[in-house]
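Subject: Model for you to look over

Hello,

I am handing over the model we talked about. Please open it first; my notes follow below.

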Amino acid sequence: MLQFILKRLGLALLVALTVSIISFSLLFLSGDPASAIGGETATDQDIEAIRVLYGFDRPLVVQYWDWLSSALTGDLGESYYFKLPVASLIADRLQITMILGVCGISFALLTAVPLGVAAAIRPNSFIDRLALFLSVAGQAMPSFWFGLILIVVFAIQLGWLPPSGASSPVHFIMPTIVLGYYAMPAIMRLTRAGMLDVLSSDYIRTARAKGASEGRVLFKHALRNAIIPVVSLAAVQMGFMLGGSIVVESIFALHGAGYLAWESIARNDLPTVQALILVFSLFYIIFTFLSDVLNAWLDPRMRAG
Amino acid sequence: MGDTLLTVRGLTINIPVGGGTLHAVRGIDFDVDRGETLCIVGESGSGKSLTSLALMGLLGGRIDRRATEMQFDGIDLTRANARTMRALRGDRMSMIFQEPMTSLNPAYTIGDQLTEALLLHRDVGREAARARAVELLEKVGITAAASRLGQYPHQLSGGLRQRVMIAMALMCEPELIIADEPTTALDVTIQAQILRLLVDLGREMNMAMILITHDLGVVARVADKVAVMYAGELVETGSASEVFNAPMHPYTRGLLRCIPQPGKTERGARLGTIPGIVPSLVGGVTGCPFRTRCDQVVDACRQAIPRRNPGSGNHEFRCVHETGHRMAEESPA
Amino acid sequence: MADMATDPLLADITGPTPGQMLRKRIFGHQGLLIGAVVLGVLVLVAIFAPWLAPHDPYAQSLMARMQPPVFLGGSWEHPLGTDHLGRDYLSRLIYGARVSLLIGTVAALISGVIGTAMGVAAGYFGGRVDAVVTFLINVRLAMPVVLVALAVVAIMGGSLQVVIVVLGLLLWDRFAVVMRSSTLQVRGREYVAAARAVGCSTPRILMSEIMPNIVNNLIVVVTLEMAHAILLEAALSFLGLGVQPPTPSWGLMVSEGKNMMLFEPWMVMIPGVVLFVLVLAINLMGDGLRDVTAPENRS
């Protein structure tokens with residue numbers, strides 16, 4: 001177990017390092033970052049001055065090392081636009097994104113898992129077909145469009161929910177649905193497939209032979225085994241969701257990290273964009289690492305091995 | 001004869017398959033008395049396992065089970081609802097399955113799984129249930145029983161797991177235990193041990209047992225009664241001594257030719273085989289199902305097959321020939 | 001002896017040939033048929049856009065701005081109305097099909113080539129190659145796609161070509177994952193061992209033994225990633241950082257309609273519905289193909 005965790009941890013660190021190199025090199029994709037900072041009115045002298053000021057005249061490796069070592073101490077540079085430290089800028093905005101992510105994945109799990117179980121209990125029944133249809137339709141629904149429809153119906157026509165902002169929990173209802181529904185099809189399908197697989201297994205027959213009730217067979221014996229892969233999928237989806245928050249936050253004007261990313265890209269604020277890519281990747285890496293550990297803990301076969 | 005525990009008459013199992021119905025079991029009859037061991041013998045696909053699952057009410061929803069009569073200690077199983085069946089299963093009748101490697105839930109400890117049936121059916125506390133589990137684990141020959149309770153199935157070998165399965169089936173001291181090829185998946189060396197254990201425990205607790213197997217050597221050693229199954233029908237039933245000493249049906253006869261017998265089979269002699277093709281049971285099945293492999297086949301084999309009794313006790317067989325195999329013995333082959 | 005030849009118990013168990021079975025499965029699969037027909041129609045619409053579109057999709061008319069579609073009281077001159085610059089909505093939708101399908105096809109092609117090469121190499125050679133590919137897949141999955149795509153498109157400038165290339169370079173992960181596991185499965189089969197034993201060269205084994213047996217899965221992933229690329233392009237364009245105006249992209253049309261959403265919700269609804277239908281058709285086809293080629297894998 002410990003060896004497994006250490007191995008995973010090493011892999012996670014290596015992935016993080018590679019991602020940091022990629023997000024660092026993004027800065028140089030545009031050619032000359034100095035002219036990007038200077039803007040259209042800058043003269044050649046201005047740009048040269050900026051180049052020296054920001055240290056763009058040094059070798060790339062040195063610049064990367066500088067950036068990485070300060071990133072490790074929590075210094076992610078300064079935003080070109082806000083003229084503030086990027087780290088504190090992101091920290092301020094991250095809370096909303098995290099709330100949204102947790103709500104989104106909870107919504108997805110609470111709807112998709114029961115649906116998947118119900119579908120697996122009666123394959124090819126009405127509920128199974130409905131679940132399958134919902135998952136196919138859900139995958140095809142553009143999330144920005146879905147968000148706009150919700151706003152038109154529930155905020156404008158019915159007036160039940162506020163269309164944008166983040167000042168109360170009610171404001172999070174629509175963003176949660178829009179962010180969460182995208183993860184539903186995958187979770188639903190995996191739950192259904194897992195349950196179908198487990199329900200046809202020998203140990204379920206053993207449980208029935210003991211006289212266990214259907215409810216006990218389903219929830220104690222079957223779901224416990226079928227849920228293991230769903231846990232790791234949920235962690236992965238959570239990672240994707242934080243990255244996907246950029247669309248949702250821009251529709252509902254939630255000023256979280258995703259919204260910051262959108263603004264910063266539009267403003268060519270590269271240090272902020274770089275840092276956000278790194279932060280979102282790190283979240284994904286942390287979530288998948290935690291899910292690996294959780295998985296190993298949930299599955300007795302891995303716990304011992 | 002003791003008092004009858006289980007009576008089965010006209011048990012029929014139909015399975016819908018793509019483009020027809022598989023008539024897997026067709027109208028079989030048998031009885032099991034208290035404390036008695038019935039062995040159902042046959043090739044794979046003959047419907048033995050389906051029969052045992054049908055008794056437990058564990059066939060899948062798509063499978064059609066019907067019977068003119070099916071009684072367990074006065075309870076009509078053909079009309080029993082799900083609740084009645086649940087109350088019987090694991091308590092008064094329990095089952096041991098073929099596959100010890102996959103029949104235990106990987107997510108729960110041995111202790112949890114052993115005590116489950118007892119906690120479900122009896123009004124006992126956790127501690128009492130665990131004590132009973134330890135007692136039974138010791139009885140099935142597992143050492144350090146108390147420490148095994150906290151282990152998970154994957155930490156045990158196949159032989160140990162099957163011992164656990166046996167202990168699990170015995171937790172509530174059932175009156176009937178159904179063992180579906182309990183040793184097939186195990187190493188040959190421990191097959192005999194496990195079987196011996198099962199039979200001894202059955203005698204000790206005065207349990208009736210239905211042992212399903214294709215191993216005639218096993219049958220000879222443990223059976224009180226034998227039922228020979230071929231392609232969904234019981235072709236011959238009777239006490240073990242009757243069936244072994246005076247096999248009547250050509251199929252039984254063929255099966256017995258396939259086992260070497262110390263003293264009787266000559267060294268280097270070829271063991272018998274039964275040539276031919278097992279028939280497809282999809283669509284209507286009429287006449288004798290064994291006629292595609294039988295060396296005694298006549299036109300009458302396509303008609304209804306009479307049930308015959310050679311005159312001694314409950315010994316019965318189904319064949320158009322009044323004397324069953326004996327014609328084969330007389331014909332020069 | 002009885003006449004055994006005519007005994008019903010020994011009747012030959014005859015069934016349909018594999019080809020007949022496949023045909024039956026294809027035509028018996030509603031989702032696949034519906035998806036294929038809808039996708040086929042949309043492809044034809046995209047190809048014949050210049051003949052089908054009633055107007056020039058770029059022609060502005062300040063006199064005819066924001067006319068409602070026919071079913072909301074508009075005229076047949078502009079069946080689906082006009083946008084805020086007076087451009088014919090139907091014509092823009094028809095040309096938009098070109099953008100979506102082009103992006104979906106080419107991006108899936110690029111990522112398909114990259115991902116398949118990586119996945120097959122990892123699955124076939126195993127060892128270090130596999131370790132490296134698996135690592136790269138992990139790295140790729142860790143990067144937030146929307147954010148990276150937005151950033152790169154923003155830096156490189158939002159043109160159709162840039163969007164296609166960026167998406168193509170980002171969406172290879174599922175190809176690599178699926179092709180790797182399919183190759184691993186096929187590699188262990190007897191016919192591969194047999195080909196190796198007779199001394200076939202590695203490229204020959206890859207092309208004539210491995211590829212034909214994993215191409216089913218490849219096609220399924222192609223459809224899924226086409227749908228993915230189309231949705232992503234729409235999202236990027238919606239955020240204003242994808243295909244740039246005045247190119248008729250459905251995502252861009254939703255974005256432009258968003259400002260008028262309060263009064264003219266149809267401007268958002270129409271392009272959104274078309275986008276939804278296209279992606280749904282592709283997904284239905286992908287799911288259908290998976291069911292038909294490997295019915296045992298339905299999940």
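Which residues of chain B does the UniProt annotation "domain: ABC transporter" cover? The unreviewed UniProt entry puts that annotation on residues 8-256 of chain B. UniProt positions are in the numbering used here, feature names are shortened, and annotations may be inferred rather than shown by experiment. Over residues 8-256, chain B is 39% helix and 27% strand. The end C-alpha atoms of that span are 26 Å apart. Helices (H or I, at least four residues) and strands (E, at least two) are DSSP runs, numbered from the N terminus.

Some ground rules. This is a predicted model: local features need pLDDT of at least 70, side-chain atom pairs count only at pLDDT 80 or more, and totals for chains, interfaces and linings use all residues. Residues are numbered from 1 along each chain as its sequence is written, while chains are lettered from A and ligands numbered from 1 in the order in which they are written.

Confidence

The predictor gives the complex an ipTM of 0.85 and a pTM of 0.82. Chain C has a mean pLDDT of 83 (the predictor's confidence in each residue, from 0 to 100). In chain C, 92% of residues reach 70 or more. Two stretches of chain C stay under 50. They are residues 1-5, with 6 contacts beyond four places in sequence, and residues 295-299, with 5 such contacts. Two residues are in contact if their C-beta atoms, placed from the backbone, lie within 7 Å.

Interfaces with chain A

Between chains C and A, 37 residues of chain C touch 35 residues of chain A. On the chain C side, α5 (127-142), α6 (145-156), α10 (202-238), α11 (250-258) and α12 (266-293) each supply at least two residues. α6(C) gives the most, with 10 residues. That side has 31 nonpolar, 4 polar and 2 charged residues. Here Ala, Val, Leu, Ile, Met, Phe, Trp, Tyr, Cys and Pro count as nonpolar, Asp, Glu, Lys and Arg as charged, and the others, Gly among them, as polar.

Chain B meets chain A through 24 of its own residues and 18 of chain A. On the chain B side, α2 (82-88), β7 (93-96) and α3 (110-121) give two or more residues each. The largest share, 4 residues, comes from α3(B). By class, that side has 11 nonpolar, 8 polar and 5 charged residues.

Chain A spans

UniProt (unreviewed entry) lists several spans of chain A as "transmembrane region", including 94-118 and 130-160. Residues 94-118 of chain A are 100% helix, with end C-alpha atoms 36 Å apart. Residues 130-160 of chain A are 84% helix and 0% strand, with end C-alpha atoms 27 Å apart.

Helix packing

In chain C, α4 (residues 89-125) packs on α10(C) at about 140°, with axes 8 Å apart. Axes are lines fitted to C-alpha atoms, for helices over the stretch in contact, and angles run from 0 to 180 degrees between N-to-C directions. The two helices are therefore oblique to each other. (Angles under 35 degrees count as roughly parallel, over 145 as roughly antiparallel, 65 to 115 as roughly perpendicular and the rest as oblique.) Residues of α4(C) in this contact include C:Gly104 and C:Ala108; those of α10(C) include C:Leu218 and C:Met226. The contact divides into 12 nonpolar, 6 polar and 2 charged residues.

Best wishes
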